[in-house]
Amino acid sequence: MKKILAIATLLAAFLTLQAQSYDMTFRLEGVADSLLYIARHHRDQLQPMDSAQRAKDGSYRFRGKRNWPRGIYALVHQDGKKAIGDFTIDGSQRFTLTADDKLTPSTVHVKGCQANSRMFGYLAVVADAQQKQKQLRELQKDPSQRPQAEAEEAALIEQMKQTEKGTLYGYSPTLFFRMVAACREGDVPDSVEDKAFHYRAHYWDNLFSSEFGVQGPEAGDLHSALLYSPNLYNKVNYFFFGQLYRAHSDTICREIDRLAARIGDDTALLRYVFDHIEPRYFRSTRNIGWDAVWCHLASEYYLKGRCPWATEGTLHNMRYNYNRIRQSLIGAHGQELWMADTNQSADTKDWISSHRFPTRYVILWFWDPDCHHCQEQSTELAALCDSLRAANNPRFTVYAVGYESDVDKWKKYLREHHMPFVNVGGPNVNVDYQEAYNVHGAPTMIILNERRDIIMNKTLPVKSILPFLDNYEKQKP
């Protein structure tokens, strides 16, 4: 019995020691905040996890009973928003870190944590190389020094490649280096002709490679850490909103499908990616084709049950928005509008169609006479129409819909201003044009081709209309 009690006492003591597992002290030159936070990264936000008061000697000591998950964390000022810098919790959770007020790698000294020592040592080497490269770039502006500076830069780049490779492999058990390796971009061989395609095709290779422990027993540990790191956020953000920023919607949708296929059953990682990109594609009002990308995400993933984290409320709203937006996507056939002109006849025989004009193109122009921007753009559009008619080249018809419930105010504006359009408005209309063309604000421009298919669903500056039509005709003569 005594033996059992002794074992139980030892076990309780062991568990207590495990619970009281962290004691991290930071001594930062030039930092005088009354308290600091340790926060984790969540995409581009910082989530405070713990705080420590400033001691009399100026240090900040974090200690308690939490067993921190391995990963990259930020030391944050007392406002809870501005980060001083990042550090790692990996292995030892009892250490002292001394540095300047920005955690500049060359100033960091760590006692009691090999993972932090290795991380800051590596970052110091990288920072030093970047500074040398910057100096060499300046020297290249001088023609007399350019050849030598270019040769030295090439040698420096090759040296850093070897240093990086040796460090990532040599310190691979350290979580920070596995994270860097997993988010590292692959090299594009000189022999590859389509370098942009190759770059995109292999962009995610390291994230799903077993070489850095992304697969196998430790995969969950690494992926969990990546979800709360700036590494993965930067990688996802740069790919979709850097590399693919001006890509065609079909290309973006194809890349989403490829990445989702590689993610497979890792719901946490899929949610991380989709939670970041879905709102951006939905909210964009300027990027051409991004509404089609959002519709692809909605129809192929959320509404097909492939996003189990989505609530019923979220899915309901998505279904509503999807049915609304898809009707006005580029390539869709524009719904024919029949509306009354300023006579406001109730007889449908007097209404004017949006589609039945001899010009190749029709510009649907939804405008509000109370909207200052609408007034400016309408004036410019009128001048463009006048110049085209004077040149006997009426390339398009403007079907201008008065986006104003006060018909008398709309008619008064037309009497007082030159509007050489097909002017329609008022309540007499065959369909709800707001739903038909996803019009929820003014001005809104929709351009229809000869088949009255939508070829542009974003409001272009008037000066961009003719260049857009010229480019369209080159692609589809």
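Me: In reading the lining of the second largest pocket, which element gives the most to that lining, and with how many residues?

Reply: A residue counts as lining when it has an atom within 4 Å of a pocket point, and such residues can then be grouped by the element they belong to. In this predicted model, α9 gives the most to the lining of the second largest pocket, with three residues.

Me: How much space lies in the second largest pocket, and which residues lie nearest its centre?

Reply: About 660 Å³ of space lies in the second largest pocket, and among its 25 lining residues, those nearest the centre are Ser-284, Thr-285, Asn-438, Asn-457 and Lys-458. The elements that give two or more residues to this lining are α9 (267–283), α10, α11 (312–325) and β14 (444–448).

Me: How does the lining of the second largest pocket divide by class?

Reply: Its residues divide into 11 nonpolar, nine polar and five charged.

Me: Turning to the largest pocket, how much space lies in it, and which lining residues are closest to its centre?

Reply: The largest pocket holds about 870 Å³ of space, and 28 residues line it, with His-248, Ile-288, Ile-330, Met-456 and Phe-468 the closest to its centre. Two or more lining residues come from each of α8 (249–263), α10 (290–302), β15 (454–456) and α15 (465–475).

Me: Which element gives the most to the lining of the largest pocket, and what classes does that lining have?

Reply: The most comes from α15, with four residues, while the lining of the largest pocket has, by class, 13 nonpolar, nine polar and six charged residues.

Notes: Residues numbered from 1 in each chain as written. Predicted model: local features only at pLDDT ≥ 70, side-chain atom pairs only at ≥ 80, totals over all residues. Heavy atoms only, no water. 1 Å grid on protein atoms, 1.4 Å probe; cavity = no way out; pocket = protein on both sides within 12 Å on 5 of 7 lines; lining within 4 Å. Points joined across faces, edges and corners; volume = space filled by probe spheres on them. Nonpolar A, V, L, I, M, F, W, Y, C, P; charged D, E, K, R; others polar.
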